[in-house]
Amino acid sequence: MIDNKTNLPNEDPESRSVPDPAVETHDSEMPAPRPSRWRAVRFAVKAVEIRLRFIAVLVGIGLVIGYWDTIRNHWDKWTRPESSAAELSPDSEFYCPMHPNVVRPGLEPNGAIPGCPICGMPLSKRKKGEAPELPAGVTGRVHLSPERVRMAGIATVPISYRPLEKQIRTVGHVAYDESRLSQIVTRFGGYIEELYVDKTYAMVKKDEPLARIYSPELYAAAEEFRIAHESGSRVLIDSSHQKLRLLGIGEKEIGTFHGRGKADATIAVRSPRAGQVIRKHVVDGSRIETGMSLFEVADLSVVWIEAEVYEKDVPFLRTDQPVEATVESLPGRVFPGKVSLVYPEVSRQTRTVRVRFVLQNESLELRPGMYATVTIAAPVSELEPFRSQIAARQVKTGATDAELIAAQQRCPVTGAPLGSMGAPVKQALDTASLFLCCQGCIDDLKASPDEFLAKIAPPPTDAVLTVPERAVIDTGAQQVVYVEREAGTFEGVEVKLGPRTGDVYPVLSGLLPGDRVAAAGAFLIDAETRLNPGAGSTYFGATGGPGSGDSAPAPRRSDQAPASAVPDDDGSRHQLTLKERKELEKLPLADRKRALDQLVCPVTDLHLGSMGVPIKVAVGGETVFICCAGCKDRLLAEPQKYLAKLKTVAQDHVH
């Protein structure tokens, strides 16, 4: 037989046992081995072990699912860098840029950055006491839950255009029209030879003789005139004629002298106008001297009313403005007139301004000295600067972009002045073209085009934009109105207003038609913006408590729902709104990942995408994304400041 077994390395070939050829063995005759009991027991144990292992795996999976949040929190705690707890210095805190009342003193118990209970976005870090940066023209911003709004009694109303008329009532007295007063004064001496009007307040007609005067001086001048005509000298005639005119002799009397051919020692004094002789200083036979006043005649067909108007109502007055007057002696009678003069000075004692009104008095029913009540109806749209503003807002056909921007003035979506976020963005709709403050407003505009088009429509020529008086907070240095931009979010907008008219103010700038303003509770909102968040929460529900979930979240629009559950391309998750994510998705893939890593704008601390597609800027050899073009100049002016801030913000958003 041939042995096919190989020799072991340490085995001696000679030591192998050699089979005895005399002994023959047969395999078929060997007994079969018996299965041992130990092998059976081991098999049973193995079977039980396999089943128990399967059950243990199922139990482990169930425990992991049940305690997944706890496991994840512990994992974040174990994997967080040791320096993260020291990243928040004692003089720093977290706040929400969109809801400044949400303030947290530190990190969450698990070391994560707290989130805003209203909008869901991670909070930003700032130094304690540092005021958040607000858009141009906005003095403050506060967010209140619907329950707290009801508790505070806050009510909002939309503002709109309306015809506004200021009613001014004042009391004055009737006076003579000074332009219709005449005083008859002699230019020569003599005597009253005959008095035709011998009673005061007698009615006279124009050129009616009042008296006849004898004067030797007049006789000498008339004789010279007669002799000059007889001589035929043109020089003497003109000289003597001029002398008579200088003595106050009219052309009619001079012609009489020439026609008679002889001098006359007497002359008739005539009334220069029709009216009443209100003063008579002579009687029959009186001696008169040069420069003496003989009569005063007043025409009462037109009279004045002198009245006092408070200085706050002076802006509503203008020359030739129509008025109506009444007097107690003639109830029911209304006398039309107009403003003739607004005096250029204010009385220091009464703080009023004198105003002169001119009234027609053909029936002579208004008598000088009467008290009269004057009513002035002043349409605000016809006063400056409202008249010029209304004219400037009327868009002409074929207007340039610059003219359209000047006419529109503000963004209809955010209410911000055009140009405050960079170059205005032109957006064309089916019916018109308008300008927005940034790219981020395009989606809102397309969602409600009619609403925003109505805000920039040219105003009516006979109406002005008005805001309730209760909605205005007047600090003396500025006037502020709180506008509800979103549900529960109020922005303090600095406005310029005209003089108060009744219970409303006309608006010059700062607001747009359709803006909802806080007409009730404005003072409470103003107090909330001035208090720190912790103190504000003791009033009516500022969301400044210590925990993230202390306040019920306010309703949000569908385009602002948190999208933190939507993973990015790399599987990471960021708490961005759907609107912000849509803007970031417009970036190339590489830029999108870098923008997600940066997450916030270093200038405004707002999420990238909140103002439209982020803008990429190269600064100091690094690529930085900003929320809008309006931040570029500030970034380039102080690059080191914002690069350092960006590194801090990036560390804050690691978790």
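A residue is called buried when its relative accessible area is under 20%, and exposed when it is over 50%. The model is predicted.

Q: Why is Cys 438 called buried?
A: Buried requires a relative accessible area under 20%. Cys 438 has 5%, so Cys 438 counts as buried.

Q: Where does Cys 438 lie, and which residues is it in contact with beyond its neighbours within four places in sequence?
A: Cys 438 is in the loop between β22 and α9. With those neighbours left aside, Cys 438 is in contact with Met 421, Val 425 and Met 611. The C-alpha atoms of Cys 438 and Thr 414 are separated by 9.5 Å, and the two residues are 24 residues apart along the chain.

Q: Why is Val 481 called buried?
A: The relative accessibility of Val 481 is 0%, so with a cut-off of under 20% Val 481 counts as buried. Val 481 belongs to strand β25, residues 479–486.

Q: Which residues does Val 481 touch, not counting residues up to four places away in sequence?
A: Among them are Val 467, Ala 471, Val 472, Leu 511 and Val 517. Glu 494 is 13 residues from Val 481 in sequence, and their C-alpha atoms are 6.6 Å apart in space.

Q: How much of the protein chain is buried?
A: Buried residues make up 40% of the 655 residues. The chain's secondary structure comes to 16 helices and 30 strands. Of the contacts with a separation of 6 or more, 65% are accounted for by residues 24 or more positions apart.

Q: What is the predictor's confidence in the protein chain?
A: The mean pLDDT is 78, and 80% of the residues reach 70 or more. Over residues 1–30 the pLDDT is below 50, and this stretch has two contacts in the model beyond near neighbours in sequence. Residues 532–574 also have a pLDDT below 50; beyond near neighbours in sequence, this stretch has 94 contacts.

Q: What makes the buried residues of α5 lie on the same side of the helix?
A: In α5, Ile 237, Ser 240 and Leu 244 are buried. They cover an arc of only 75° around the axis, which puts them on the same side of α5. The face turned away from that buried side carries the exposed residues Arg 234, Val 235 and Leu 246.

Q: How does the reach of α5 compare with the expected span?
A: Helix α5, residues 234–246, has 13 residues and reaches 18 Å from its first C-alpha to its last. That is close to the 18 Å expected at 1.5 Å a residue. Just after α5, Gly 248 takes a positive phi of about 90°.

Q: Which residues of α11 are buried, and which exposed residues are on the face turned away?
A: In helix α11, residues 522–530, the buried residues are Ala 522, Ile 525, Asp 526 and Glu 528. Their arc around the axis is only 155°, which puts them on the same side of α11. The face turned away carries the exposed residues Phe 523 and Arg 530.

Q: Why do β12 and β14 count as edge strands?
A: Four strands form an open sheet in the order β12-β11-β9-β14, with antiparallel pairing. β12 (266–270) and β14 (287–288) each have a single partner strand, so one side of each is left without a neighbour in the sheet.

Q: How do you know that β9 and β14 pair?
A: Pairing needs at least two bridges. Strand β9, residues 190–195, and β14 have two bridges, in the antiparallel sense. In β14, Arg 287 is the bridge partner of Tyr 191.

Q: How many bridges join β29 and β30?
A: Strand β29 (residues 615–619) and strand β30 (residues 622–626) pair over five bridges in the antiparallel sense. They form a hairpin with two residues between them, and Gly 620 in the turn has a positive phi of about 55°.

Q: Which residues have the most contacts inside the largest nonpolar core?
A: They are Leu 436 and Leu 635, in a core of 38 residues. The elements that give two or more residues to this core include β22, α9, β29 and β30. A second, separate core has 30 residues, including Val 309, Ala 325, Val 355 and Val 464.

Key:
Residues are numbered from 1 along each chain as its sequence is written. This is a predicted model: local features need pLDDT of at least 70, side-chain atom pairs count only at pLDDT 80 or more; totals for chains, interfaces and linings use all residues. Side-chain values use heavy atoms; hydrogens and water are left out. pLDDT is the predictor's confidence in each residue, from 0 to 100. Contact means heavy atoms within 4.5 Å. Buried means under 20% relative accessible area, exposed over 50%, partly exposed in between (1.4 Å probe, protein chains only). The arc is that of the directions from the helix axis to the C-beta atoms. A nonpolar core is a set of buried Ala, Val, Leu, Ile, Met, Phe, Trp, Tyr and Cys residues joined through side-chain atoms within 4.5 Å. The expected span of a helix is 1.5 Å times one less than its number of residues.
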